[in-house]
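Let's take a walk through this protein together. Keep the picture open and follow along as we go.

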Amino acid sequence: TLHTARALPLSRRLHKPPASRAAMGKQKKGKTKAFAAVKRMISPKDARIKKPAPNPNQLPKLERQRKDAEVRNVAQTPASLFFSHNMSLGPPYHVLIDTNFINFSIQNKLDIMKSLMDCLYAKVVPCVTEAVMAELEKLGPKYRVALRLAKDPRFERLPAMRQGNEYADDDLVERVTAHRIYIVATCDRDLKRRLRKIPGVPLISIKERKYQVERMPEGQFG
């Protein structure tokens with residue numbers, strides 16, 4: 001056999017016999033298993049992997065970076081404002097009336113139209129929003145006098161700023177923020193606190209059985 005191997009050419013000696021089909025199948029199956037095992041490895045972004053705790057010394061720096069990355073929305077100042085003086089306010093004054101202002105006016109026996117004109121020394125257009133009307137209707141028969149007063153034809157009816165918004169306070173704040181041409185008549189402390197943060201919006205409330213105007217520029221009556 002040794003002499004036979006030496007006698008064969010080099011190409012014949014290096015050539016191996018082809019593997020059987022069964023052996024090839026086994027080889028493929030082994031490769032598939034290895035590939036599947038690699039795919040079953042957990043992802044480094046998996047939520048189950050616990051992230052290392054941040055360095056406590058770096059926390060203030062990370063907080064500053066997060067705040068700097070936040071988008072700041074700065075409301076544009078209306079052109080009608082000269083500092084806090086609203087140049088767009090003038091007779092006839094449009095007064096937005098809140099639900100409790102109507103109720104307190106009835107309790108204090110004050111005529112809304114006459115008392116507003118006595119307070120502002122000018123013609124007044126009372127405005128009632130759809131949200132205020134919805135609140136008065138929900139209060140029931142106990143407040144039917146207030147509802148009848150709100151339906152006065154001299155009162156201007158205004159639609160809601162957003163469809164389906166039935167909360168009167170949010171609707172009033174949204175309206176005066178968008179249009180600085182109104183005076184707001186309300187006795188609600190929370191609403192007055194919110195409105196005081198908006199420059200150029202005067203307030204009317206009831207004090208000692210008469211209407212009192214607040215944040216109205218002095219030169220406005222001149």
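Start with N100, which sits in helix α5, covering residues 99-107. (Helices here are DSSP runs of H or I with at least four residues, strands are runs of E with at least two, and both are numbered from the N terminus.) Before we go on, a word on what you're looking at: this is a predicted model, where local features need pLDDT of at least 70, side-chain atom pairs count only at pLDDT 80 or more, and totals for chains, interfaces and linings use all residues. Residues are numbered from 1 along each chain as its sequence is written, and side-chain values use heavy atoms, with hydrogens and water left out.

Back to our residue: is N100 buried or exposed? With a relative accessibility of 18%, N100 counts as buried, since buried means under 20% relative accessible area, exposed means over 50%, and partly exposed is in between (1.4 Å probe, protein chains only). Setting aside neighbours within four places in sequence, N100 is in contact with T186, C187 and D188; contact means heavy atoms within 4.5 Å.

Now head for the largest nonpolar core, which has 30 residues. A nonpolar core is a set of buried Ala, Val, Leu, Ile, Met, Phe, Trp, Tyr and Cys residues joined through side-chain atoms within 4.5 Å. V95, I97, L120, I183, I204 and Y211 have the most contacts inside this core. Several elements give two or more residues to it, including β3, α5, α6 (112-120) and β4 (124-129). The largest share, five residues, comes from α6. Zoom in on V95 and you'll find that, not counting residues up to four places away in sequence, V95 touches L116, L120, V124, V125, P126, C127, I183, A185 and I204. There's also a second, separate core of 14 residues, and V125, V173, V176 and I198 are included in it.

Next up is a pair of helices. Two packed helices are described by the angle between their axes and the distance between the axes. The axes of α9 and α10 (residues 189-196) come within 11 Å and cross at roughly 20°. (Axes are lines fitted to C-alpha atoms, for helices over the stretch in contact, and angles run from 0 to 180 degrees between N-to-C directions.) So α9 and α10 are roughly parallel to each other, the label for angles under 35 degrees, while over 145 is roughly antiparallel, 65 to 115 roughly perpendicular and the rest oblique. Which residues meet here? D169, D170, L172, V173 and V176 in α9 meet L191, R194 and L195 in α10.

M161 counts as partly exposed, at 29% relative accessibility. Leaving aside neighbours within four places in sequence, M161 is in contact with D171, E174, R175, A178 and H179. The C-alpha atoms of M161 and L172 are separated by 8.6 Å, and these residues are eleven apart along the chain.

E208 and R209 are both in the loop between β7 and β8. E208 has a positive phi of about 55° although it is not a glycine, and R209, also not a glycine, has a positive phi of about 60°. E208 is exposed, with a relative accessible area of 68%, and R209 is exposed at 55%. Elsewhere, the peptide bond from P91 to P92 is cis, with omega near -5°, and P92 lies in the loop between β2 (85-86) and β3 (93-97).
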